[in-house]
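Subject: Structure handover

Hello,

Here is the structure you asked for. Please open it and keep it beside you as you read on.

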Amino acid sequence: DRWRPPVVALEQRAPTTDPANRTWQEEYLSAGKRPKFKVRLPGEGPLRILQLTDLHLFPATLETWRTGGRDVDCRRANDACLALVAQLVQRVKPQLCILTGDTIDGRPFRGAPRTAWRAVFEALTAPLVEAGCSWTFCPGNHDDDDSPWPRDSLLGLYELPGCISAGARAWDHTLTLRCGETAVRAVLLDSGGNDAEFRYGTVSAAAVAGCAALRAVAAREQRKALCFFHIPPPEAGGLCPVVGTQGLFDAALRSGKVPAPFCWVPWLVRLLGRDLVVGCSTRNAGLHRALVESGAFSACFFGHDHHSDAIFRRDGLYLAYGRVGATTPPATWEGKAPLPFAPGARVIEVDAACNVSTWVETAAGEERGSRLHLDPRLEPGLPAQGARSRPWSRWAALLLLVPLVLAGLDRGSNRALWRERAV
């Protein structure tokens, strides 16, 4: 069957009297009313979503870009990335692709026209549409980084062919996705750009309030929603992965970004569980708490940390990294920290009963050991998977440090005794 563009309809609802929810509705979904984007995707189900993150595509006209003392072959990098995306779409056959930020890197576009982003997104999305795959996008911290365009001008990409967010006036919006008998709500959020004070921006207070307001929806709907954004929440830190790799500390160590004295004793950092870090904002917007307390969400998906593809769970909510799709710097931190795995993408599959499974796909196929069923029976209030994890490590550290301290004290007392005898 020849693919036809998905039908996007708006279901208008009366404005709410709740001030916090009204802010969400008016500023982030529409002016004065709360439309819900209802999208029917082709196929009979289950619904397959391909999460592409951190592609870091370059301007199509740029041959080389110097970063971190290295010259990056931009055309070769773009070709490799686009070829990987095409291969994954051909094999996975998703109905929808969600780009979770840093799809382009604004820095190499310096001096380019203000609409130079358009050609890159067209080159990426046109093959998706040809393959019958719709798409949408939420921004990362590099899509407008040092670029000639303001962040909100990228909203124009929602009008490109195949985008299911056509008509959205801001980054934060909801989508009800239907594929055959499968229906699921997806919430897209802007987690902010780079920030001099807080390292990175974060989700707006209005968006947090809007997510919390979905509590009323959760009360009458059996299905759980999925949330997509770019920068991981602080609550993902300090957790051991359920599956996957958490490689940010090792990448920072290899690239010389771990400060002294911790870079001298990485074994101790790992022993104490302080290597379980995420690249998040230093300001907590309260998004995790809102998602949990609403009871409307089963999982959130993000990117940003190129060396991590782990899935965690905390307070009944799954927190999942995607898999970086770029193959060259800056994905490898300017070549100083090679990736611990092959580039790829995360697949999210939802069946008619709203059971959610996810795994990682690379050029070689499904990555072994990456598949996980997101158990809907996991209720809020259950302990986090490894929260402040490796409790045994603290006891091991104490058992190791106490003898060292006692040995140091004993050595000091012996020195004092020898001084007394010498006198």
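Start with Asp315. This residue is partly exposed, because its relative accessible area is 29%. The cut-offs are these: buried means under 20% relative accessible area, exposed means over 50%, and partly exposed lies in between (1.4 Å probe, protein chains only). Asp315 sits in the loop between β14 and β15. Its phi is near 55 degrees, a positive value in a residue other than glycine.

A word on the source. This is a predicted model, in which local features need pLDDT of at least 70 and side-chain atom pairs count only at pLDDT 80 or more, while totals for chains, interfaces and linings use all residues. Residues are numbered from 1 along each chain as its sequence is written, and side-chain values use heavy atoms, with hydrogens and water left out.

**The whole chain**

The chain has nine helices and 19 strands. Both are DSSP runs, numbered from the N terminus: helices are H or I with at least four residues, strands are E with at least two. Of the 423 residues in the chain, 53% are buried. The accessible surface comes to about 19200 Å², and carbon and sulfur atoms hold 53% of that surface. Such areas come from the Shrake-Rupley method with a 1.4 Å probe; for residues, only the protein chains shown count as cover.

Now the contacts, meaning heavy atoms within 4.5 Å. Residues 24 or more positions apart account for 73% of them.

**Backbone points to check**

Most residues other than glycine have a negative phi, and most peptide bonds are trans. Asp315 has a positive phi. His304 has one too, with phi near 80 degrees. Look for His304 in the loop between β13 and β14 (311-314). Is His304 buried or exposed? His304 is buried, because its relative accessible area is 9%.

Two peptide bonds deserve a look. The bond from Ala260 to Pro261 is cis, with omega near 0 degrees. Pro261 is in the loop between α6 (248-254) and α7 (266-271). Pro329 and Pro330 are also joined by a cis peptide bond, with omega about 10 degrees. Pro330 is in the loop between β15 (317-321) and β16 (344-350).

**Two helix pairs**

First, helix α2 (residues 74-92) and helix α3 (residues 117-130). Their axes come within 10 Å and cross at roughly 20 degrees. Axes here are lines fitted to C-alpha atoms, for helices over the stretch in contact, and angles run from 0 to 180 degrees between N-to-C directions. Angles under 35 degrees count as roughly parallel, over 145 as roughly antiparallel, 65 to 115 as roughly perpendicular and the rest as oblique. So α2 and α3 are roughly parallel to each other. The crossing of α2 past α3 is right-handed.

Which residues of α2 and α3 make the contact? From α2 come Leu82, Val85 and Val89, and from α3 come Ala123, Leu124 and Leu128. These residues divide into six nonpolar, no polar and no charged. Nonpolar covers Ala, Val, Leu, Ile, Met, Phe, Trp, Tyr, Cys and Pro; charged covers Asp, Glu, Lys and Arg; the others, Gly among them, are polar.

Next, α4 and helix α8 (residues 287-294). Their axes come within 8 Å and cross at roughly 15 degrees. So these two, α4 and α8, are roughly parallel to each other. The crossing of α4 past α8 is right-handed. Val208, Cys211 and Ala212 in α4 meet Leu287, Ala290, Leu291 and Ser294 in α8.

Helix α4 (residues 205-212) is mostly covered, with six of its eight residues buried. These are Ala206, Ala207, Val208, Gly210, Cys211 and Ala212.

Ser298 is in strand β13 (residues 297-302). Ser298 is buried, because its relative accessible area is 14%. Leaving out residues up to four places away in sequence, Ser298 touches Lys224, Ala225, Leu226, Gly316, Leu317 and Tyr318.

Leu155 is in the loop between β7 (134-138) and β8 (173-179). Leu155 counts as buried, because its relative accessibility is 15%.

Best wishes

Definitions and conventions:
Left-handed = near helix turned anticlockwise from the far one by under 90°.
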